[in-house]
Amino acid sequence: MIRKYYEITALCIMLAMLVAMVPAIKAEAVEPKMTYILSYSADLYISDSGEANITGYARGKSDVTSTYVSATLQRKSGNDWIDVESWEDSSTERYLSVLETYSVSRGTYRLVVTVTANTETKTVISNEKTY
């Protein structure tokens, strides 16, 4: 009886270890190593008064000679997302941000940011925000 208890306990421990390893394996397989982009983000904050703070950011690796950031504010309409306003900028530097404010009406919004460093392009979508 005690031996069976130890066998079940050992099996549970091995299963827990396997489950703990799966997310790390999965994350590595999903996000391939980027060639030129070091980091990028899309951040959207909407204040209680309806002022949206928009941030699109790109940071290139040391060998990057050009960066581009496009940020598009979208509003949800039924099941669709409609472009409200867009901003973009480019630079010969490794770091580039698009920082904007925009007054929004009541609704649900998100920010779609596309960044390019040299020839590599990535797109990220912020969390939805409701005003």
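Biologist: How many bridges join β2 to β5, and which way do the two strands run?
Modeller: There are 9 bridges between β2 and β5, and the strands run antiparallel. Keep in mind that this is a predicted model.

Biologist: What holds strands of a sheet together in general?
Modeller: Backbone hydrogen bonds pair them, in either a parallel or an antiparallel way.

Biologist: And what is the strand order in the open sheet here?
Modeller: The order is β1-β2-β5, a sheet of 3 strands with antiparallel pairing. Its edge strands, β1 and β5, each pair on one side only. On average, neighbouring strands are turned by 5° against each other, with direction ignored.

Biologist: Which residue is the bridge partner of Ile54 in β5?
Modeller: Glu100. Ile54 also touches Glu100 by the contact count, which leaves out residues up to four places away in sequence.

Biologist: Now the core. How many residues are in the largest nonpolar one, and which have the most contacts inside it?
Modeller: That core has 22 residues, and Leu44 and Ile54 have the most contacts inside it. At least two core residues come from each of β1 (37–46), β2 (51–60), β3 (67–77), β5 (95–103) and β6 (108–117).

Biologist: Which strand gives the largest share?
Modeller: β6, with 5 residues.

Biologist: What polar contacts does the Gln74 side chain make?
Modeller: One joins it to the side chain of Asp83 at 2.9 Å. Another, at 2.7 Å, goes to the side chain of Arg110.

Biologist: Last thing, confidence. What is the mean pLDDT of the chain?
Modeller: The mean is 84, and 76% of the residues reach 70 or more.

Biologist: Where does pLDDT stay under 50?
Modeller: Over residues 17–30. For that stretch the model has 0 contacts beyond four places in sequence.

Notes:
Residues are numbered from 1 along each chain as its sequence is written. This is a predicted model: local features need pLDDT of at least 70, side-chain atom pairs count only at pLDDT 80 or more; totals for chains, interfaces and linings use all residues. Side-chain values use heavy atoms; hydrogens and water are left out. pLDDT is the predictor's confidence in each residue, from 0 to 100. Contact means heavy atoms within 4.5 Å. A nonpolar core is a set of buried Ala, Val, Leu, Ile, Met, Phe, Trp, Tyr and Cys residues joined through side-chain atoms within 4.5 Å. Buried means under 20% relative accessible area, exposed over 50%, partly exposed in between (1.4 Å probe, protein chains only). Helices (H or I, at least four residues) and strands (E, at least two) are DSSP runs, numbered from the N terminus. A polar contact is a pair of N or O atoms within 3.5 Å; within protein, one must be able to donate a hydrogen and the other to accept it, and residues adjacent in sequence count only if both atoms are side-chain atoms. Two strands pair if DSSP finds at least two bridges between them. Axes are lines fitted to C-alpha atoms, for helices over the stretch in contact, and angles run from 0 to 180 degrees between N-to-C directions.
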